[in-house]
Amino acid sequence: ACGNTGGSDDDSYTIGLAMNTLNNPFFVDLKDGAEETAKAEGIELIVTDSQGDPSKQLSDVENILQRNPDLLILNPVDSDAAAQIVMIANEQNVPVITVDRQSAGGEVISHIGFDALKSGNIAATFLSDILGGNGKVVEIQGILGTNVGRDRSQGFNDHMEGFDGIEIVARQSANFDRGQALKVMEDILQANPEIDAVYAANDEMVMGALSAIESAGRLDDIIVIGTDAIDPALDAIREKKLEATIAEPPYFLGKEAIHTAIKILNDEDVEEMVTLENTLVTEENVDEIKTK
Amino acid sequence: MSLLKMEGIKKSFNRIEVLHGIDLEVKSGEIVALLGENGAGKSTLMKILAGVHLPSEGKIFMEAKEVTIDSPRASQQLRISIIHQEFNLLKDLSVAENIFLGKHITTKLGVINWKEMNEETTKLLKRVGIGHISPSRLVSECSIAERQLIEIAKALSFESKVLIMDEPTATLNNEDTQKLLSLMEELREEGLGIIFITHRMDEVMSVADRAVVMRDGAYIGQEEVENLTKDQIVRMLVGRDLTNMYPDRVAPQDEVVMEVNQLHISKRLHDISFTVKKGEVLGIGGLLGSGKTDLSKALFGLLKHSSGEVKMLGQKVSTPRGAIDAGIALVTDDRKDEGLVLDLSVAENILIPSYRKISNFGVLKKNTMSKIVDRWVSGLQIKTPSAESEVRKLSGGNQQKVVLGKWLQMDPKILILNEPTRGIDIGAKFEIYKIIHELAAKGIAIILISSEMPELLGMSHRIIVMNEGRLSGEMDITEATQEKIFEYATGGE
Amino acid sequence: MTNTNDNNNWLRVALLLNKYRVFIIFLVLLLIASFISDAFFTVNNLFNVLRQVSIVAIIAVGMTIVILTAGIDLSVGSVLALTGAIAAGAITAGLPFPIAIIICLLAGLLIGSINGLIVSKGKVPAFIATLAVMVIARGLTLVYTQGNPIVISDMGYRFLGSGRILGIPFPVILMLAIFAIMFWVLKHTTFGRNIYAVGGNEEAARLAGINVDRVKIGVYALTGFFASISALIYTSRLMSAQPNAGSMMELDAIAAVIIGGTRLTGGKGGVTGTLIGALIMGVLDNILNLANVSPFYQDIAKGLVILAAVLIDSKLAKLQKQ
Amino acid sequence: MTNTNDNNNWLRVALLLNKYRVFIIFLVLLLIASFISDAFFTVNNLFNVLRQVSIVAIIAVGMTIVILTAGIDLSVGSVLALTGAIAAGAITAGLPFPIAIIICLLAGLLIGSINGLIVSKGKVPAFIATLAVMVIARGLTLVYTQGNPIVISDMGYRFLGSGRILGIPFPVILMLAIFAIMFWVLKHTTFGRNIYAVGGNEEAARLAGINVDRVKIGVYALTGFFASISALIYTSRLMSAQPNAGSMMELDAIAAVIIGGTRLTGGKGGVTGTLIGALIMGVLDNILNLANVSPFYQDIAKGLVILAAVLIDSKLAKLQKQ
Ligand SMILES: Nc1ncnc2c1ncn2[C@@H]1O[C@H](COP(=O)(O)OP(=O)(O)OP(=O)(O)O)[C@@H](O)[C@H]1O
Ligand SMILES: Nc1ncnc2c1ncn2[C@@H]1O[C@H](COP(=O)(O)OP(=O)(O)OP(=O)(O)O)[C@@H](O)[C@H]1O
Ligand SMILES: O[C@@H]1[C@@H](O)[C@H](O)OC[C@H]1O
Ligand SMILES: [Mg+2]
Ligand SMILES: [Mg+2]
């Protein structure tokens, strides 16, 4: 990379981080992981926030590229749209790595993420085991315009379809949002006097759903599982309100992204696909789980 | 030959019938004066011809053929052209565009031909006596009287057979009215049929061929004008004789209420000084665009004083609120834009300036409110289904009465009246003159801005005249004549 | 002259019908809803709907008076988020929650007043002024929360959003009280009447000596205040402040106002309609969820029903005119 | 009388200043931007900004004419998403892309006309009508795409969004052409002038025999059409149709229009200002990124700059009046 980023120390790197959104703690943690690691490593990080809009992300990346960065970390809003974004960076010979969601095209040196299909699958397995293959289940989905939202749902349902005794009595999207989940869950509770379990595709939505379930006085009747392992969810597990969540700590995504970037810039070998481990968190292991 | 004929026209709004079966006929080359009190239904009848309202019942014939007029466009296609009582101008557009609204002159390719439009506009403006106004001037920069003349020019821009003029002279002064009347005579020569609505009997006597009278939505009668005297028409209208329109004056007191010292408003008013005494009616005259309205606004603190001052009983006034608190009330000449909140009820419009006075810690006193409203609705004989009706639905003259009522009940120390009887019928005018007279007798100072010469001469103690934003003359009523006022108004001497 | 009284009665019926047009549409919707799902017409569910609606409805009261002055306030959603974060922050900092509540409400009043100042004294179109404030308030929320929710652990605080008095959810009581008060204010106070005058014809209002700027500052300040009340309910319901709380809420609030018959150009309308407008949208959401309509189709259904409602409303209006 | 000419000249200067007030603010912003970052004032970056702006700007042209008639169109973002999905779907179905383009544009025109019909014939307030259509169109997009992006693989299609002619990005050419054409239409055609008439005083326009409904249908139809042009650029840039494309875009477009000096109540304004309004917002986004302002603070900065711009504008307007 040439030097109109112009610091005095020419050995320092400039890296762009194009974030999907910062309106969600998951991504804020991801960003924090990257920022703190970058700071420790003496790297200038240009962070943009596309507010969930793929075309804004394209603009953000174009703007970052005007600064001639050494590398681009892309946290795609959408995999397919990401392809074009990666290609633009490729055209300017800026190496690209992706985090959380993948790019469907272009030349990506490395991807760091969790497996969303697997995540949905873990949740389904947990519930089907506890329910013994019989029961009424509610699924609260994430943003259906994102592949993580869709993949988790698919992973969940692929597994559940194997059980004739399990009925999905309600399937609603709450867009990964706590407030929306509260409302959706309230209505579902009204419509269904009998509910055995709830799966929410992230912990924000779990927190909203829990509020509704608690108000309805049905905490004891319903088994709930979320995803992400954000702090409030872990607390809820300790308080025995929430049965389980799936740890996919975003902070590590950010941290790993910067480490991988440094390796690339130092011409070291990196893996094409870095899949971090997602683990089921229950009362048993809640105090051992590390999210930061 | 009968050009246009209406038969048994009825019209209801919200199931209330306001026209009870009216017949009206106009011949080619004839001027018909349509007369009646405020709210009689004149404008409503004309709006039916203009395609604004559909009649509930009745027939319309154009050159002996029955026609349906279901849109303004349909009316235009029948070669009917109308000047509505309320202006329908686009203030942010130029004079030329307003005149050619809906019928822009275009080239063969559909592109607007600005040059030709402007030229045509100038011709039309000259015809109505305001050739000095540039076609590209925005209507928002034109005075009320100028706007009225623009509306007339607009109506003339159609090649029409029937021309309807709904109170075109209400805002015009003597000179412009005379010009308009002779223009009407010209048009009659050309074979147009004209329906002319006015509340001024002199105008009827001077141009109309026939007078048709309505009252409360009903047809009362008609007569050839040559067989009538002014008093006979008044009797037909009001149902009684009106003698002595202008009450005798009571001499003003000595105490000065308002004092204006070398007031200067950037680009509009220059070096204005005068005083008004308690109980005095100070008339202000001048040609159109001479700055009378600007002066009224300046006195009320609506225009920024560049230098000089306006003092009420020794206290300086420079904002509308300050003016109101000092006891100044302003009846503006632009009732639609400045005088009324059209969507609010008659009651509320009357009460707006006094809410502060009639509330207890911001909470309104219901009884006081209804008392005030009742008093002015009946006192001014405002014709409305109820005090709760929207002002928008009142007839023009009744709207004007609401504007008056709202300020009269404020008990001002000085009342600035800008064209207060604009569009008001002769009976109500009589009442309003009486009220002005009583107020003055009670010691209230009155500034009466009027383009109606008889009104000015009949009511004022003293008259000042404006010309191009300056005071060009002052005279006591004993020495005032129409000619003298005109001379000052044109900047003579 | 004889049938003046008759006429007056007709007029009154017409006016009444005109005022309660939305109400009729609402009743029809309720009828349909109770056919669609048995779960709908239970006391429990009805309170549920009312409670859900309360957050938007309270904001919509503010929006109504702003719109009555021919203004608009796009910042309400962000103000909810920011003042909610302030409340949660104050509680987390250890302040007793009544004090936190007061701080939150004052913050709402303050931001609202800033809106009002920019619009009135700054003479900036309300749309763009409050859009800018919306963006700024959202940014401040993000900076303050660092993008993370602020969790409230003081259980006493839970009452605001989830408590009940005589079996009625507290937010519902709050909402109805605010509507009642503002209904009265609009009808019986100088401030209320001045709002209509300013919105109906600003120039005429100014000429009548009304302090137009003060009226405008007042309505925006109140709207900010109401947004912060909604923030209290919101944060209490979720026992946390969410950085992205209230996004798009301005559209819902404006929709409630307009469906309720208040005219966007000012001077005409009132809060009764707004309450019904908000309820229409709440019932719609509720019944679509109760009926478990697929989320993809919910938007379509919601849009169509709103469209149908306003089209019917406009037809009814036309019928009455004849 | 002697200095009438002088006065006229002054008047002309004042009018000119008045017209180009935003332009002056824009120039100041450019100046500041080039101080903040060296990377700003390069041909490359300027084209970059222009291209980024094109999608919103083209929509904002439509928004301008709608607002000039005193209307509003909240559905533009959803229409962009839906017509984009239609285009991508058509290509994926194997249609040659010129045909797909035509289908997409016709779809935009159709939805726009529906908006226009509801507003004019249905007499529904534009805000609520287009809000309903916005929600419906978003729902249809979700149903049609099943929430998944539709990928376009025909590489020829890439030209629309990423191609260049004589070194100038194609979307920029498209944008400038549309602005130029609409500038001319507004000034020199009956349709254009009728737009001002309808917005300035609908009643007067109707009385003058203008077919008000037709004008309204026209502006909404055109706006839908422009949204579909933006959809083409959008899908081509991302080589995929996104189900949530264009959300909140209506606010950006309206902001551009108002910053550009068009009055929200209709009848006054034009497209030149809108172009500059859109550019102001584009430059702002660009420079904040170039200067690496933390995303949390970007919102605040953006809001403050917009606020400053409109406040200065209103002060300038006042100065000129004196
Ligand atoms: N749109 C409307 N809705 C309800 N009532 C109306 C409407 N328009 C007019 N009216 C009523 O019809 C009656 C006739 O009004 P119109 O305007 O025709 O009177 P006018 O003779 O022109 O009076 P003026 O001399 O004051 O102009 C009035 O009582 C008025 O209140
Ligand atoms: N906003 C404005 N901008 C520019 N010129 C204006 C504006 N308002 C009024 N004028 C002009 O100032 C002059 C004085 O107007 P004013 O309304 O005071 O006249 P007037 O004496 O009341 O006339 P009229 O009898 O026609 O009402 C007129 O030539 C008018 O065209
Ligand atoms: O866990 C989720 C993440 O993986 C997804 O991409 O967006 C929302 C998060 O809560
Ligand atoms: Mg009349
Ligand atoms: Mg005047």
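**Figure 1. The shell of residues around ligand 1 in the predicted model.** The shell around ligand 1 is made up of 4 nonpolar, 11 polar and 5 charged residues, and the structure shown here and in the following views is a predicted model. In total, 20 residues surround ligand 1, and those that come closest are B:Gly39, B:Ser43, B:Thr44, B:Ser395 and B:Gly397. Two elements of chain B, the helices α1 (42-49) and α14, each give two or more residues to this shell.

Figure 2. In the side chain of B:His199, an N or O atom lies 3.0 Å from an oxygen atom of ligand 1, while for the side chain of B:Glu167 the corresponding distance to an oxygen atom of ligand 1 is 3.4 Å. B:Ala40 takes part through its backbone, one N or O atom of which is 3.2 Å from an oxygen atom of ligand 1. Of the 630 Å² that ligand 1 exposes when taken alone, the protein buries 87%.

**Figure 3. The shell of residues around ligand 2.**

**Figure 4. Polar atoms of chain B beside the oxygen atoms of ligand 2.** A polar side-chain atom of B:Thr293 is found 2.6 Å from an oxygen atom of ligand 2. Backbone atoms are also involved: an N or O atom of the B:Glu141 backbone lies 2.9 Å from an oxygen atom of ligand 2, and one of the B:Ser290 backbone lies 3.1 Å from an oxygen atom of ligand 2. On its own, ligand 2 has 640 Å² of accessible area, and the protein covers 77% of that area.

**Figure 5. The interface between chain B and chain C.** Chain B brings 34 residues to this contact and chain C brings 30 residues. The area buried between the two chains is about 2,600 Å², and carbon and sulfur atoms give 57% of this area. On the side of chain B, the residues that lose the most area to chain C are B:Asn14, B:Arg15 and B:Arg321, which together account for 22% of what that side buries.

**Figure 6. Charged and polar pairs across the interface of chain B and chain C.** There are 3 salt bridges across this interface, and C:Arg263 forms a salt bridge with B:Asp343 in which the closest N and O atoms are 2.4 Å apart. Across the interface of chain B and chain C, 10 residue pairs are in polar contact. The elements of chain B that give two or more residues to the side touching chain C are α10 (320-325), α11 (335-339), β18 (363-364) and α14 (396-408), and the largest share, 4 residues, comes from α11 of chain B. By class, that side of chain B has 16 nonpolar, 7 polar and 11 charged residues.

**Figure 7. Contacts among the chains.** There are 5 pairs of chains in contact, and among these pairs chains C and D share the most contacts. Chain A and chain B, in turn, are joined by no contact, and their closest C-alpha atoms lie 38 Å apart.

Key: Residues numbered from 1 in each chain as written. Chains lettered and ligands numbered in written order. Predicted model: local features only at pLDDT ≥ 70, side-chain atom pairs only at ≥ 80, totals over all residues. Heavy atoms only, no water. Contact = heavy atoms within 4.5 Å. Buried area = accessible area lost by both parts, 1.4 Å probe. Salt bridge = Lys/Arg side-chain N within 4 Å of Asp/Glu carboxyl O. Polar contact = N/O pair within 3.5 Å; in protein donor to acceptor, adjacent residues only side chain to side chain. Nonpolar A, V, L, I, M, F, W, Y, C, P; charged D, E, K, R; others polar. Areas by Shrake-Rupley, 256 points an atom, 1.4 Å probe, with all protein chains shown as cover. Near = heavy atom within 4 Å.
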